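Here are my notes on the model you asked about. Have it open beside you while you read.

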Amino acid sequence: MTKEIIVPSTLGDITLRQYQAFLLKQEDIKSEELISIFCNISVIEAMQLPINVFELAAVKIVQVLTINHKEIELKHRFNINNTEYGMITNLEEITYGENKDITNYISDWKTMNQAMAVLYRPITKTFNSTYKIESYEGTSKHKDAMLDMPVDVAIGVQNFFYNLTEALLNAIPNYLEQVHKDSQRKTIQSNKDQQMQEEYIKRTGDPMMRSIALLKETLEGLKR
């Protein structure tokens, strides 16, 4: 009898648990291990699949894994085992403890389930499109449940925070540069000519502008 297998067709079909297991062996993973992880069968069962089924499954899995992650958008709600989880509704009002745990766990896929347990918690009340989630009591309460979350949710969160960080990194030197230029204009406000202002900046060496240029270069390195 041929064993039926379910092959993921989107990143939403892959759990965080599976993705973590894949990353653990990614460098030298074998095809049978790939199929074992993402089709929830043993390596022995994978080896016993008809060759055409085996090859087709491997190709489909690789296609899903190579989808452009940057296109994955943030999801505010999702379901695990009949429980609906919602993302923190206002990140500007998160507690010190929540922020600390997110920072500690979100940069490493090995601890991503703990980061997700901070950002997403069971929804306790809903009203139209709004909702309220459980109070935060540490990552231990939901970290195991998060292993079964769709991995595209975690990727969407990473994209969200990356884009937010990039926007902030871009804004900081631009803001400092604008503030400094405004300050320079005030010091030579008797001269309204822009060319003379630039000559003044060049003549004085303007260490602040050099510092801002260095900051821009450093932040670009961080984004890479």
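**Notes on the sheet and the helices**

1. Strand 3 (residues 120–127) and strand 4 run antiparallel, joined by 4 bridges. Helices (H or I, at least four residues) and strands (E, at least two) are DSSP runs, numbered from the N terminus.

2. A quick word on the source: this is a predicted model, where local features need pLDDT of at least 70, side-chain atom pairs count only at pLDDT 80 or more, and totals for chains, interfaces and linings use all residues. Residues are numbered from 1 along each chain as its sequence is written, and side-chain values use heavy atoms, with hydrogens and water left out.

3. Now the whole sheet: it is open, with 4 strands in the order 1-2-3-4 and antiparallel pairing (two strands pair if DSSP finds at least two bridges between them). Strand 1 (77–80) and strand 4 (130–133) are at the edges with a single partner strand each, so one side of each has no neighbour in the sheet. From one strand to the next, the twist averages 55° (axes are lines fitted to C-alpha atoms, for helices over the stretch in contact, and angles run from 0 to 180 degrees between N-to-C directions).

4. Helix 6 (residues 112–119) lies across strand 2 (83–87) and strand 3, at about 25° to strand 3. Contact here means heavy atoms within 4.5 Å.

5. How do helix 2 (residues 31–39) and helix 4 (residues 51–65) cross, and at what angle? Their axes come within 10 Å and cross at roughly 70°. That makes helix 2 roughly perpendicular to helix 4 (65 to 115 degrees).

Technical notes:
Parallel < 35°, antiparallel > 145°, perpendicular 65-115°, else oblique.
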